[in-house]
Amino acid sequence: MRGSEPLTPAVFHILLALADGPLHGYAIMQAVELSSGLAMGPGTVYGTLERLESAGFVGEVTSREPDRRRVFALRPPGRRALQAEARRLAALAALVRAKRLIPGET
Amino acid sequence: VAPHRFSRIVYRWLLRGYPRRFRQRFQRDMEADFVVMAERMGLLRAWRRILADAMRAVPLATIHAHEHTMRTAMRPVLLPGESTMQAVLFDLRYAVRALVKSSLFTLVSLPTLALGIGAASAIFTVVNAVLLRPLPWREPDRAVMIWSTWTAFDKTWISEGELNAYRSRNRTLAHVAAWNDGQINVTGGGEPERVAYAQVTANLFTTLGVQPMLGRGIARAEDVPNGPDVVVIGHGLWVRRYAADPSVLGRTIRLNGRPFQIVGVMPHDFVLPTDFANPEPTQLWTPLQVDPASTDYGSHGWYAAARLRPGVSVEGAAADVHRMAAALTREGIHPVQMRFDTVVLTLRDEVVGPVRGSLLLLFGAVGFLLLIACANVANLMLVRAESRQRETAVRAALGAGAGRIVRQMLAESLVLSAAASAFGLVFAWTAVRVVAWWNPASIPRLAEMSLDWRVLCFTAGVAVLTSALFGLAPALRAFRVDLTDWLRDGQRSSGGVGSQRFRSVMVVAEMALAVVLLAGAGLMLRSLWSLQKIHPGFNPSQVLTLRLSLPEASYQRSEQVVLFYQQLLERVRAVSGVKQAGAVRSLPLASPIGDWGLQVDGYVPPPGTGAKGDWEIATDGYFEAMGEHLVRGRTITAADRSDTQLVALINETMAKQYWSGRDPVGGRFKIGSAERPWVTVVGIVGDVRHNGLTGVTKEKFYVPHTQWHVSVGSPIRGMTLVVKASGDPLSLVGSVRREIRRLDAALPIADVRTMDDIVAANLSTPAFTGALLASFAAIAVVLSAIGIYGVLSFLVSRRTREIGIRIAMGAGRTQVVRLVLGRALTLILSGLAIGVTGALLGARVIRHLLHDVTPADPASFLTAAALLVAVAVVASLVPTLRATRVDPQAALRVE
């Protein structure tokens, strides 16, 4: 999970969702659905969060939510992994664009 | 009523499918999410998504939970708030689990290490008991033994005159003490017994720095000619004979029938330096009663020890003693040709010096063995580390630092060597029992061997050191794996050239060390063999010996002594199973023999020298019983009586020395001064190794026991019975003892031994060293065979694809064999070359331990090399054959 390794879609979108700031599980689920159209269930969200936490990519932060939901935030290694993945996707997108595969683009 | 109550119950039930830790942490959030989902998207859609999600998420969460332990191991060096102790404990627990999991690795490496550590601990136990434990004297490096040496003797006693000279002329010695030793009959107040005793100077106890635990030592006033008969007794005798009764002081003990007053008891660990290796040390010490005016420089019969004055070095004292010895020659007391000098050794060198070389050699050898074991385990660790590269890479990727990973691997090696040490200690304990049971006679203090705190510390130290030795290199190597390689494709990295080289170096080192051990063992065994080949000059098989001494009080007259032995021998010869019996004053290889000045008829000694010969006294039957070889003439017979012609036998050396060109049989000599009667030579016997199996044979003469009191003077009361048996000599002990009892029920019997045992005792140090070295070498060969087998197996499995391609390209079996075996031979021959060079250099160190074998003995070296090459090639054959059986199609499909 360092440098150039592709991230799985679930990991990428969860990290992406947390890029703007700490969120609780349900908010992540919503954000992922918005950004990717992926319908993610709570088991996948919390399971992935737990694994990412073990890897040091995200961390639980003290909750300020009234219902004391668990809130997770992006950690620097997670941000670096996300950036690497974003660069990879950008390069990929550039390649796709160069091959004029997307209709309507010049 | 909360909405969707039933759904929430079902949902909660569903959550039980998640691992407990996960559920405990997220259940609240997940229930809340479910409620929100149900509200926003409707119960049916919410359930569909939940179920689809659970089918993917539950297995993942479960796997994750199972990997929990491992994940925690991927932590950075210290978690926030975690103490070092907790982290270390964690590492150790993890290490134990990892070792239990890889059982094959543990099964091979644990015994290897246990053997190495156990052998090292066992030898250290011996070294500890013999060399390191404190000696029973105060400052044993500040007191010296003084011996005489001249052309005939390398190291022998001093004379009364020399003692007086050293006492009055020295500039460096605070006390000079002397003693002699022998055996004495103790009677009165218990069973008669024969006890080793010594006559000592009053200052001996002060010189050794040991005071009596009860009563006093010998007073100066008692240590004068015709002084009172007092005795200091040993702790063992005090406990055995007097039940440790403190009121023993002032009581009388009868020694050889004469009453002595007990004035003191020595502490339990007190021994004379000359008794250090003696299983039956002296237990009675009476005054030597030196005459300070004596100028007897001829009779060398006393041991001497001296304590250095403060500030004097041992070298300084030795120089002082040499100076005094040189003065004796300058003043004409000793003839120049005698080349009289002294040997000065500290008490420590005196008692442990003779075995120190052998023990240090064994210690070094066992160190080599341990290194070989370490090299083997290091190789195994490396193979294992490589098979765990993925684990390591994942852990590194997940943030475990280099320090963390190296520490984790070191924890594993530490746990491994700790376990090996535990087994090793069991092994050492067993080995120490075996050594104690064997009990090589010439190595002192083996009886005191124990696994004490020093041994435990040593073993612990060795465990830590070895774990660093075999753990560090693989740990550092393992961390150098290419992480990205691993993570990208999850396949085996194609690298490993470096680790292959590391393993090769380990195998070459093992081979080299094994060659050194093999060559060393070969040299020692060759030396032992040539020692065993030495013909002692007699036939030791089926010969029983035992010692008797007639007390002067009841056998005052010479005739009584002579008659006793004649009668006893007649009775013993009549015992069934006895082929022949005789008696002798000084038993070859058992008690040292000294010489007597001679006047040989017709022999003119070179100016300043005199004829001399070791004096032996024997009865008729002795030569036949001992199997000594008669060269010419006749042996002593029953017809040689005190009233017949005085006769003697001489050995070949004496015949050559004093009768060169003349016929000795019929020749004459006088023993001692010119007033003594002529003794006629009636026979020549072969040379006998008397004072040791090696060394020069000196002139020696044999006088009949019946005639000694006529030819020289006093009768010889102490004799050793020599009985040749037709069967097992020890089966005769009972009947011989019975015959002695019938003649004199009060006569104690001592030193019941067979001649075979006596000869074996003379070989015990080389036999001990040789046997241990040989077993170390055997283990070393096995270990290095395992090592080369492992490296080649790994090589073949690594290069399966390459071999497959070669076979597919038409390479035959020969080429494949050449590929693998060629590699093996490179390793073997490199190890051999280094090892032989090392062994040639090292062998010089053990030169003084070798008899009749040069340190560069070609036979030993060639055998060692051939043996190692043979074993290593056999070990290489299995992987080689596997390589030839590689199926090219399968090999190419593998990757």
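**Exercise 1. Find what the model holds at residues 73–78 of chain B, where pLDDT stays under 50.**

Start with the score: pLDDT is the predictor's confidence in each residue, from 0 to 100. Next, look at contacts (heavy atoms within 4.5 Å): the model has 23 of them beyond four places in sequence for residues 73–78 of chain B. Then set that against chain B as a whole, with a mean pLDDT of 85 and 92% of residues at 70 or more. This is a predicted model, so local features need pLDDT of at least 70 and side-chain atom pairs count only at 80 or more, while totals for chains, interfaces and linings use all residues. Residues are numbered from 1 along each chain as its sequence is written, chains are lettered from A, and side-chain values use heavy atoms, leaving out hydrogens and water.

**Exercise 2. Work out which parts of chain B touch chain A.**

First, count the salt bridges (a Lys or Arg side-chain nitrogen within 4 Å of an Asp or Glu carboxyl oxygen): there are 4 between chain B and chain A. Arg49(B) and Glu33(A) pair up in a salt bridge at 2.7 Å, N to O. Now go to the elements, using DSSP runs for helices (H or I, at least four residues), numbered from the N terminus. Two or more residues come from each of helix 2 (20–41), helix 3 (43–66), helix 12 (389–397) and helix 15 (483–489) of chain B. Helix 2 of chain B gives the most, with 11 residues.

**Exercise 3. Tally the residues in the contact.**

Chain B puts in 28 residues and chain A 27.
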